[in-house]
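Please examine the sequence and the structure before reading on.

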Amino acid sequence: MDDQERERHFNDRIARGEVIEPKDWMPERYRKQLIRMMSQHAHSEVVGMLPEGNWISRAPSLRRKAVLLAKVQDEAGHGLYIYSGVETLGISRESLYNEFLEGRAKYSSIFNYPTLNWADMGAVGWLVDGAAIVNQTVLAKCSYGPYARAMVRVCKEENFHHKQGYEILATMMKGTKEQQEMAQDAVNRFWWPSLMMFGPPDKESPNSADLLRWKVKLFSNDELRQRFIDRTVPQAENIGIKLPDPKLKYNEETKHYDHGEINWDEFYNVIKGNGICNKERMKARREAHENGAWVREAALAYARKHAKETVAA
């Protein structure tokens, strides 16, 4: 069977809704697109620890501190699951991380915005993790097995993160006027960047066509964004939060919420490295990598020693 026949067979399997596993034949572009998409996802989980880790020591109570600490640990685990999944595509974790540290691989634009006060922990949990859930529950049914299976556990944990963020904001909206203003301000700052998390509009998305055809993505960027808006508006109304979009209105014909224009110039500027916290985030990750070198070296030395002892036995 030549590559042309293999690709026809592969496309037939995708059309039937079959799951592709690491040892199965796949087109090189399918493999490369998965590496790009999954590595960006893994990098995002790791960078995503930074804006929330910033508030662990300043959480307003021991309960809040414990929950936030657990959440940040979850994000680290999500990155590890996905890095492991990417490795099944024949690329090493070291090379993935080097690409990231050298600025050749991207991560989600949302993590280049600062978390200025405790209310931001609520906005991040409710909006950012809420957007992640909309995206990742669909990925749990994607065509590549290791990625889909990783998303099953990730989504379960993200649901807790989402509820934690919503509960923070709901509590603040029942508090003093100052607390209510803090909660509203946090949502004002994170609403539009959260909508950008789904990627550029479909007409400008360079990779969506292939990913949809291969059922790595099951819905387009705009469809997922609309799904997020539709489920988030009633949640905001329930706790008295006003979403910062004067054009946000329910459309009786489409049965969806219409929304205002997203500032895509801002989005592209951030992913080019010009966001508020881009340099700060990359500096933190590079320093963490350098400071953790001794741990990697010790683990490698132990593994080699154990391997020798096993052979000798």
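Predicted model: local features only at pLDDT ≥ 70, side-chain atom pairs only at ≥ 80, totals over all residues.

Q: Is Val152 buried, partly exposed or exposed?
A: The relative accessibility of Val152 is 40%. Buried means under 20% and exposed means over 50%, with partly exposed in between. Val152 therefore counts as partly exposed.

Q: In which helix does Val152 lie, and how far apart in space are Val152 and Gln136, C-alpha to C-alpha?
A: Val152 lies in helix H7, which covers residues 145-172. In sequence, Val152 and Gln136 are 16 residues apart. From C-alpha to C-alpha, their separation in space is 8.4 Å.

Q: Which leucines does Trp126 touch, not counting residues up to four places away in sequence?
A: With that exclusion, the residues touched by Trp126 include His162, Tyr166, Val187 and Gln235.

Q: What is the orientation of H12 to H13?
A: The axes of helix H12 (residues 278-291) and helix H13 (residues 293-312) come within 4 Å and cross at roughly 40°. Because of this, H12 is oblique to H13.

Q: How many residues of the contact of H12 with H13 are charged?
A: His289, Glu290 and Asn291 in H12 meet Ala293, Trp294 and Arg296 in H13. The residues of this contact divide into two nonpolar, two polar and, as charged residues, two.

Key
Residues numbered from 1 in each chain as written. Heavy atoms only, no water. Contact = heavy atoms within 4.5 Å. Axes fitted to C-alpha atoms, helices over the stretch in contact; angles between N-to-C directions. Helix = DSSP H or I, 4+ residues; strand = E, 2+ residues; numbered from the N terminus. Parallel < 35°, antiparallel > 145°, perpendicular 65-115°, else oblique. Nonpolar A, V, L, I, M, F, W, Y, C, P; charged D, E, K, R; others polar. Buried < 20%, exposed > 50% of the residue type's maximum accessible area, 1.4 Å probe, protein only.
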